[in-house]
Amino acid sequence: PMAWLNTGIDEVNSTLRRMVEGPEFSDSWEGMKAFMQTSQEWLDLRKATAAYSQVVGSAWMRAYQQFMEQGNGQFDPAKLSQTGFKSMMQQWLNFANAELLKTQRSNPFLEAQRDVLRASLRFRNRERELVEMFSEAHSIPTRTEVDDLTKMVHDLRREVRDLKRALQTANARADVAEATIAASAAPKPA
């Protein structure tokens, strides 16, 4: 079944790779090239996800096989009424948990997980570049521009807040100084 998920991916990958890595003659090709690169990253993500699913699916199958082999017929409906469904479910959970923990510590799992993470980050970055290219072409503020504006507004608010505090402190000092001058200039009783 996992092979069905990958059907045609290699052919599409090779076609996209030839088009993306081909010669560049003008800027009109940039949009299509960016889209194809994004498609290539999506296909790479899909391939990595399929490999990850295969590793995890194999772990579930091994857990099931162990569960059934070590059950020795105790899951027969007649015997199940004696042992109880809860007992059987606990045994299944023990087998599944042990196998999944073993799998999660294995190199194939860690490599598959790493590949999915890397592919998803590459796809997300490529997708962001594509969206920004589209936004710039249609005079829509890009995510980067909005992020820059948000940071600028945040910094300006902080600066205004600091200036207000400094002004309040200066006003309080001026009031104290004015009161001190007024007290020293007042006539003293003899």
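**View A. The largest pocket holds about 190 Å³ of space.** This is a predicted model, where local features need pLDDT of at least 70, side-chain atom pairs count only at pLDDT 80 or more, and totals for chains, interfaces and linings use all residues. Residues are numbered from 1 along each chain as its sequence is written, and side-chain values use heavy atoms, with hydrogens and water left out. A pocket here is an open set of points on a 1 Å grid over the protein atoms alone, with a 1.4 Å probe fitting at each point and protein on both sides within 12 Å along at least five of seven lines. Its volume is the space filled by probe spheres set on the points, which are joined across faces, edges and corners. Lining residues have an atom within 4 Å of a point, and here they are R124, N125, E127, R128, V131, E132 and R143. Helix α6 gives the largest share of that lining, six residues; helices are DSSP runs of H or I, at least four residues, numbered from the N terminus. By type, the lining splits into five charged residues (Asp, Glu, Lys and Arg count), one nonpolar (Ala, Val, Leu, Ile, Met, Phe, Trp, Tyr, Cys and Pro) and one polar (the others, Gly among them).

View B. Rings of Phe, Tyr and Trp (its six-membered ring) pair if their centres lie within 6.5 Å, and planes over 60 degrees apart count as edge-to-face. By this rule there are four aromatic pairs. F67 sits in helix α3 (residues 30-71) and F95 in helix α5 (residues 85-104), so the pair ties together parts 28 residues apart in sequence. Together with W60 and W92, F67 and F95 form one aromatic cluster.

**View C. The largest nonpolar core has six residues.** They are A63, F67, M88, W92, F95 and A96. Such a core is a set of buried Ala, Val, Leu, Ile, Met, Phe, Trp, Tyr and Cys residues joined through side-chain atoms within 4.5 Å. The largest share, four residues, comes from α5.

**View D. T103 is tucked into helix α5, buried at 5% relative accessible area.** Its contacts (heavy atoms within 4.5 Å) are V55, A59, R62 and F109, leaving out residues up to four places away in sequence.

**View E. S139 has a positive phi of about 55° without being a glycine.** S139 lies in the loop between α6 (107-137) and α7 (143-185). S139 is exposed (over 50%), at 70% relative accessible area.

Note on methods:
Helix = DSSP H or I, 4+ residues; strand = E, 2+ residues; numbered from the N terminus. Buried < 20%, exposed > 50% of the residue type's maximum accessible area, 1.4 Å probe, protein only. Phe/Tyr/Trp six-rings, centres within 6.5 Å; stacked < 30°, edge-to-face > 60°.
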